[in-house]
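Dear colleague,

Please find below the structure that I am handing over to you. A summary of the findings follows it.

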Amino acid sequence: MRPIVGIISNNILINDQYPAHANGTMNTEAVAKVSDCMAVCFPADPEVADVDELLEAFDGFLFTGGRPNVHPEEYGHPETEAHGAFDRDRDRVALPLIRAAVERGQPVLGLCRGFQEVAVAFGSTLHPEIRELPGRENHRMPPDGTIEEKFALRHEVTFTVGGPFARLMGSAKVMTNTLHGQGIDEPGPRVVIDGRAPDGTPEAIDIEGAPGFALAVQWHPEWNAACDPVSRPLFEAFGDACRAWRAGRQAPLRKTA
């Protein structure tokens with residue numbers, strides 16, 4: 001049996017009325033077809049999703065993108081209009097689950113909002129509009145165009161030589177898409193920034209001292225994951241880590257000396 005990957009859901013309203021737990025199909029397809037794992041979505045609702053039970057039910061976790069932002073209360077900042085919408089239920093499930101899974105060595109992969117969740121879970125702060133910072137570019141999703149145009153490759157990411165991402169990709173520089181408004185302001189003490197955009201924006205992180213796979217990226221590698229030369233090795237490595245966990249092993253992916 002393939003490893004079972006838990007994919008966190010987003011809380012949405014269908015037709016502005018009907019509450020639902022939803023997830024993008026490109027996430028489940030990336031896990032199923034590239035990681036070669038069984039993809040199962042779970043609700044981002046602390047009333048029905050118990051962290052300890054989730055840890056026992058799944059072999060690894062994918063924390064996906066989502067329109068609402070992590071609430072600034074989670075990193076000690078006041079709420080402002082610039083922070084936009086929130087999903088407090090997802091905050092209350094994702095953050096403790098990330099911390100617990102990482103400390104167990106259970107595989108964790110964060111994408112976009114998931115990247116920010118991993119960062120906040122380990123003590124980072126976020127800036128709500130990085131495009132307002134001096135020297136920064138606009139990393140937000142283009143407001144118009146086809147979905148292919150919105151997810152098109154837009155900038156380079158440069159990785160630390162010898163770091164986990166450069167080793168995975170076989171290169172210190174890759175091209176990625178970009179569809180985010182906020183980003184890391186101050187990294188937490190264990191948050192290692194392993195990749196940056198040309199304007200200095202953090203784009204790839206790992207967690208210092210994590211006994212297993214604990215990586216996150218600010219872009220959306222689930223888009224075209226089977227064919228993209230950056231997305232595919234990331235999801236393949238995540239799948240390998242989940243298989244190792246299921247087999248009773250851990251597959252650490254740490255920086256070389």
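How much space lies in the largest pocket? About 820 Å³ lies there, a volume being the space filled by probe spheres set on grid points joined across faces, edges and corners. A pocket is an open set of points on a 1 Å grid over the protein atoms alone, where a 1.4 Å probe fits, with protein on both sides within 12 Å along at least five of seven lines; lining residues have an atom within 4 Å of a point. Of its 32 lining residues, the closest to the centre are Gly65, Gly66, Arg67, Leu179 and His220. Strand β2 gives the most to this lining, with three residues.

Please note that this is a predicted model, in which local features need pLDDT of at least 70 and side-chain atom pairs count only at pLDDT 80 or more, while totals for chains, interfaces and linings use all residues. Residues are numbered from 1 along each chain as its sequence is written, and side-chain values use heavy atoms, without hydrogens and water.

Nine strands form an open sheet of mixed pairing, in the order β4-β1-β5-β6-β13-β12-β11-β8-β9. Strands (E, at least two residues) and helices (H or I, at least four) are DSSP runs numbered from the N terminus, and two strands pair if DSSP finds at least two bridges between them. β4 (38-42) and β9 (173-176) stand at the edges with a single partner strand each, so one side of each has no neighbour in the sheet. Within the sheet, β6 (residues 108-111) and β13 (residues 214-217) pair in the parallel sense over four bridges, and Val108 stands opposite Ala214 in β13.

Finally, helix α7 is followed by Gly248, whose phi is positive, near 90°.
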